[in-house]
Amino acid sequence: MVVVEGATLATFVTGPITMIIIGVLLNIIGLGMFCWVLFTLAIYALPFFAGVTAGIYSFQVGAGPVGAIVFGFTAAGLTLAAGQYAFSAARSPFVRLVIGLLFAVPAARAGHDLILAFAHMGVPSEWWREAFAVFGAIAVGGTAWARMSIVEKSAF
């Protein structure tokens, strides 16, 4: 065995192939988490919009940054809770339809815009981009509708 001064040890962990594999795996995990967060945010589009609007308004009237954040989170939570309660308490199918659409339509629009933005990155055909976006709108809107109706089944 010959020892050379200044030589660095080449271990398996620091090899270029290992770093490429770890980088690809971490990118897949990160992209998956990013898509999951965006999908969840799209599902709760109406409470998110209500919370952001209330937070911005409270900041503009002088609540400060912390007060605006707290007020925004409170408004978003109350919007979601009130919508779920109203959906579960309503007996008329028309009222349930209107309440469900109040949550599903903004979610479907957010899902459409989200998938269309992702499709612009990798799909060259405009028709396929729009097809993916419509499918995403249906998936996100349907998921928002299903999440609204979950409370109704578990409340009774």
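I looked up F94 first: at 58% relative accessibility F94 counts as exposed, the cut-offs being under 20% relative accessible area for buried, over 50% for exposed and partly exposed in between, with a 1.4 Å probe and protein chains only. F94 lies in helix α4, where helices are DSSP runs of H or I of at least four residues and strands are runs of E of at least two, numbered from the N terminus.

I then noted that this is a predicted model, in which local features need pLDDT of at least 70 and side-chain atom pairs count only at pLDDT 80 or more, while totals for chains, interfaces and linings use all residues. Residues are numbered from 1 along each chain as its sequence is written, and side-chain values use heavy atoms, with hydrogens and water left out.

Next I turned to the elements: the protein has five helices and zero strands. Of its 156 residues, 26% count as buried.

For contacts (heavy atoms within 4.5 Å), I found that among those between residues at least 6 apart in sequence, 64% join residues at least 24 apart.

Last I checked pLDDT, the predictor's confidence in each residue from 0 to 100, and found an average of 84 for the protein, with 87% of the residues scoring at least 70. Confidence is highest in helix α2 (residues 45-60), at a mean of 92, and lowest in helix α5 (residues 126-155), at 81. Over residues 152-156 pLDDT stays under 50, and the model has five contacts beyond four places in sequence for them. Where pLDDT is low, the predicted coordinates should not be read in detail.
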